[in-house]
Amino acid sequence: MEQDMCMQPLSEGCTKEIQKKVSEDPTVAVARNAVTAVSVNKVALDRDKVVSLDPTVEIKLDSLKVTNQKTSGRCWMFAALNMYRQKVAKELGIEQFEFSQAYLQYFDKLEKAYFALNYLLGEEEPHAARTADGAIDLDDRETAFVLDNAAGDGGLFNYVNNLVAKYGVVPSYAMPDSDSAGDTAAMSRAIHTVVRKTVMENGSIDEAMKDIQRIVGIHLGTPPTSFVWQYRTKDGEFHREGEFTPQEFAQKYLPDLDQFVEIAFDARADHEVNQAYDTKLATNVWGTPVYRYVNADIDALRQAAIDSISQSDPVWFGCDVNTQFDAILGMWDTNLINLPDIYGVDLDYSREGRMLTWEEAPTHAMVLTGFDEPSGHFRVENSWGTEDHKGVKLGGDGYGTMTSDWFRANVFSVVVRRKYVPEELLKAWDGEAILLPCWDPMS
């Protein structure tokens, strides 16, 4: 049997043979001519899919302009606050309302740094692995994870609730975004440096936190301890409700945060349905429970989302956002971008395999704000503003349309009130959980 020449280390003969086969294929030249002139996703865009995807939905809960997280990784926070704000605006009869993301971001940065310092230098559980001589084991994977996330932007739904429970919320005008709120690289780098320096020098947690609070305050400003809440309705009627603390404002306008449940579709064969899973170290506030989801069939997620929307409750969800997605059109649909035909390469494999190889993971959180029963389409509220980075207007002014097929293929979790969750899943949510490592794809 003749040995495949490319089974050996890649050689000149191998590359020439491949190039010969490619050059003899006329479809390659056509694809190359197109893709070298225009982005491959535009060339591969299926126009039939575009035309058939009607953005009109029967149930539509949103009425507000989309928010803009800019280049920060605060989607989880934006999505949660966006989920809450629609009802506030509707109940008060106001045209535009937004919670301050910068307010929660300020405390998120402090809490994550404090968690990292406590974990690495403290004695109470959880704490970093130690070497035989008692030093921090910097080669330990959990230690590396905590160091890497000591100032990160990322988070999960429970992170928002942790912050709100402790610090409350404020309207956007009480603490508007600064430039650094939407572009966090410099601030995060400085916080990471303080954390790592303190760890290497076995320094004081208190002194490090003073430095970190100084850095965060310089970048984001000082959070208010109270503010005057006032607004004008769509009819022009002015309301001054008086002075509120952030905690009082949260108590008045936010729902009971303990009633929300995160149900997820984890395609890995060894992850059981109707079983709760916790992720080690997945929290931003020291002493709070780690991230939990209860595993369910994907159609259970979809139905819970539909039931919630039908009762006027928007739905927070996590997904692999850039799969089969066109931002300018505001469309998510399976096979919307037909790359296999452009490349002449089969790119499809199982969802379990995609998870296990990190081909697919939760990358973004958004809000479902509408649904259409006949078509099965969802309306999606994103947090990327109304224009892309080149100033091109986004379809739907930042709101998009998602098919149910895309939901089934790419959504990982939804957050809904307990009353929309089947009894067997609620029982699992309230029961004992299996602990996953901090680097698990679901987190």
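## Helix packing and salt bridges

In H5, Trp 76, Met 77, Ala 80, Met 83 and Tyr 84 meet Phe 157, Tyr 159, Val 160, Asn 161 and Leu 163 of H8. Sorted by class, this H5–H8 contact has nine nonpolar residues, one polar and no charged ones. Keep in mind that this is a predicted model.

As for the geometry, the axes of H5 (residues 75-92) and H8 (residues 157-167) come within 8 Å and cross at roughly 70°. That makes H5 roughly perpendicular to H8, and their crossing is right-handed.

Now for the charged side chains. The structure holds 22 salt bridges, including these:

| Salt bridge | Closest N and O atoms |
|---|---|
| Arg 74 – Asp 177 | 2.9 Å |
| Lys 87 – Asp 313 | 2.7 Å |
| Asp 299 – Arg 408 | 2.8 Å |

Arg 74 is buried at 1% relative accessible area, while Asp 177 is partly exposed at 29%.

Lys 87 belongs to H5 itself, and its partner Asp 313 lies in the loop between helix H13 (298-310) and strand S7 (315-319), 226 residues apart. Here Lys 87 is partly exposed at 30% relative accessibility and Asp 313 is buried at 4%.

The pair of Asp 299 in H13 and Arg 408 in H16 (residues 404-410) links parts of the chain 109 residues apart. Asp 299 counts as partly exposed at 37%, and Arg 408 counts as partly exposed at 30%.

Finally, Lys 60, Asp 62 and Arg 379 are joined in a salt-bridge network.

Notes. Residues numbered from 1 in each chain as written. Predicted model: local features only at pLDDT ≥ 70, side-chain atom pairs only at ≥ 80, totals over all residues. Heavy atoms only, no water. Axes fitted to C-alpha atoms, helices over the stretch in contact; angles between N-to-C directions. Helix = DSSP H or I, 4+ residues; strand = E, 2+ residues; numbered from the N terminus. Parallel < 35°, antiparallel > 145°, perpendicular 65-115°, else oblique. Left-handed = near helix turned anticlockwise from the far one by under 90°. Contact = heavy atoms within 4.5 Å. Nonpolar A, V, L, I, M, F, W, Y, C, P; charged D, E, K, R; others polar. Salt bridge = Lys/Arg side-chain N within 4 Å of Asp/Glu carboxyl O. Buried < 20%, exposed > 50% of the residue type's maximum accessible area, 1.4 Å probe, protein only.
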